[in-house]
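The following exercises concern a single protein chain. Each task is followed by a solution in steps.

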Amino acid sequence: MTRSDLNLTPLRAGTLGGIGHTPLIELTNVVPRGSARLVAKFEPANPTGSMKDRMAQAAVSAAVQDGRLVPGGTVVEYTAGTTGISLAFVCAARGYRLHVVFSDAFSQEKLRTMQAFGAEITLVPSDQGRITQQLIKEMIRVSHELGGQPGHWWCDQLNNHDAIEGYHALGSELWEQTEGSLDAFVHAVGTAHSIHGVSRELRRRGADVTVVAVEPAESAVLSGGTSGAHRIEGIGIGFLPPLWHPEEISEIQTVSTEEATHMARRLAREEGLFAGVSTGANVVAALRVAERLGEGATVATIVCDSGLRYLSTDVFRPQ
C-alpha cells in the first residue's frame, strides 16, 4: 500500500508545519430546513487547537525577519488566552521566551496551557470575571510597559499588521475547499484580523461574498452601541479595534452571551462539535444568514477553538 493509497498529506518538518490546512465541515443537525448550506473551517485541527496559531506564526516570523525580535529575546503580549497559547507554542518551537498579560476573566485552561509551554504570566484582576473595555485597556497598558524592557518585543496584536497576513491562507483554503462557491462569510470580531484577512483573500480570488461581522449584544460598539460587559471570550474588546475597516463589512450581527453559550452546548450535543463560545456566536449569526439566503446558497463560518479550553467555566457545566 502506498502513501497515495492512504491519502496521507506530505510530511511537514517540525510542529509549526502542522499549522493550517484544516478540514471544512458541514453542519446539518442545527440547520433548519430551507436554509442555505452551512460550512465551517475546523480550526481546532491546528496544533494548539485554535485558529490563532496562524497569526502567531506570521507575527513572530515577521518580527524575527526585520530584527524587532532578537535571538534569545522575549515576546510580550496581552491576551484573553487564545493568542497567548498560540504565541507560547510558536515561541517554544522557535526558542524564544514569552511574557503574557492575562486576567482571571478568562478560563483557567488557557492559563495552564500557556504555562505548560513555558510562558511567564502577569495577571490583571477583573471586575467579577466580566470582560470590559477597562480590563482590556489595563492589560494593554501593563504589557506595553513590560515590552519596553531590553531584549523584549511587544507583539501588540491589536495594531499588528503582520497578524492579518496569517489569515490569508485560511481564506485561500476556504475558497479551494468550497470550489469558489461561497455566498457569505460570517465571523466574530476581536482584533478584526481574521475577518479581514479571510475576506480580503476571498475577494482577491474573485468571490462576490457577503461579509458578516459578529459582536456581543452586550457590547455592540461596532454597531454604534455602548460598551458593556459580556462573557464571550476572545471577541468584543469594548472599543473599536484599531485595524477595523467597516467599509469592508457588509453587515453586523449581534449575539448575546446567552445565545452564544446555548449554541456552544447545542453544537456539542447535536453535532458532536466541541467548541468555545465565540464559535457559538459565529453559528448563531451564520444560521440567521443561512435562513435568509435559503436553499442553494452556501454560508461559511469558523470553528475558532476547542471546548476543552472552557471546561472550568460555566459553559459546559451540567444544566
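**Exercise 1. Aromatic pairs**

Task: Determine how many aromatic pairs a search of the whole structure finds, and classify the pair of Phe 102 and Phe 106.

Solution. The model is a predicted one.

Next, consider burial, for which the cut-off is under 20% relative accessible area. Phe 102 has a relative accessible area of 1%, so this residue is buried. Phe 106 stands at 4% and therefore also counts as buried.

**Exercise 2. The surroundings of Leu 146**

Task: Locate Leu 146 in the secondary structure, decide whether it is buried or exposed, and list its contacts beyond its neighbours within four places in sequence.

Solution. Leu 146 belongs to helix 5, which covers residues 133–147. Its relative accessible area is 19%, and the cut-off for burial is under 20%, so Leu 146 is buried. With neighbours within four places in sequence set aside, Leu 146 contacts Val 76, His 99, Val 101, Thr 122 and His 152. For Thr 122, which is 24 residues away along the chain, the C-alpha atom is 9.8 Å from that of Leu 146.

**Exercise 3. The packing of helix 7**

Task: Identify which residues of helix 7 are buried and which elements they pack against.

Solution. Helix 7 runs over residues 168–177, and its buried residues are Leu 170, Gly 171, Ser 172, Glu 173, Leu 174 and Trp 175. The strands against which they pack are strand 1 (24–27), strand 2 (37–42), strand 7 (184–188) and strand 10 (298–303). The helices against which they pack are helix 2 (52–65) and helix 8 (193–204). Just after helix 7, Glu 179 adopts a positive phi of about 55°.

**Exercise 4. Positive phi in loops**

Task: State where Asp 156 and Ala 192 lie, and give the phi of Asp 156 and of Ala 192.

Solution. Most residues other than glycine have a negative phi. Asp 156 has a positive phi, near 50°, and lies in the loop between strand 6 (152–154) and helix 6 (161–165). With a relative accessible area of 12%, Asp 156 is buried. Ala 192 likewise has a positive phi, near 85°, and sits in the loop that separates strand 7 from helix 8. At a relative accessible area of 1%, Ala 192 is buried.

**Exercise 5. The chain as a whole**

Task: Decide whether the radius of gyration of the chain agrees with that of a compact globule, and describe its burial, contacts and charges.

Solution. The chain contains ten helices and ten strands. A compact globule of 319 residues would have a radius of gyration near 20 Å, and the chain has 19 Å, so the two agree. Along the principal axes, the C-alpha atoms fill a box of roughly 60 × 55 × 40 Å.

Of the 319 residues, 58% count as buried. Among contacts with a separation of 6 or more, 73% link residues 24 or more positions apart. The accessible surface is about 13,500 Å², and carbon and sulfur atoms contribute 50% of it. Finally, the chain carries 27 positive and 35 negative charges, whose mean positions are 3 Å apart.

Methods. Residues are numbered from 1 along each chain as its sequence is written. This is a predicted model: local features need pLDDT of at least 70, side-chain atom pairs count only at pLDDT 80 or more; totals for chains, interfaces and linings use all residues. Side-chain values use heavy atoms; hydrogens and water are left out. Helices (H or I, at least four residues) and strands (E, at least two) are DSSP runs, numbered from the N terminus. The radius of gyration is taken over C-alpha atoms; the globule rule is 2.2 Å times the number of residues to the power 0.38. Buried means under 20% relative accessible area, exposed over 50%, partly exposed in between (1.4 Å probe, protein chains only). Contact means heavy atoms within 4.5 Å. Accessible areas come from the Shrake-Rupley method with a 1.4 Å probe; for residues, only the protein chains shown count as cover. Lys and Arg count as positive and Asp and Glu as negative; His and the chain ends are not counted. The place of a charge is taken as NZ of Lys, CZ of Arg, CG of Asp or CD of Glu. Rings of Phe, Tyr and Trp (its six-membered ring) pair if their centres lie within 6.5 Å; planes under 30 degrees apart count as stacked, over 60 as edge-to-face and the rest as tilted.
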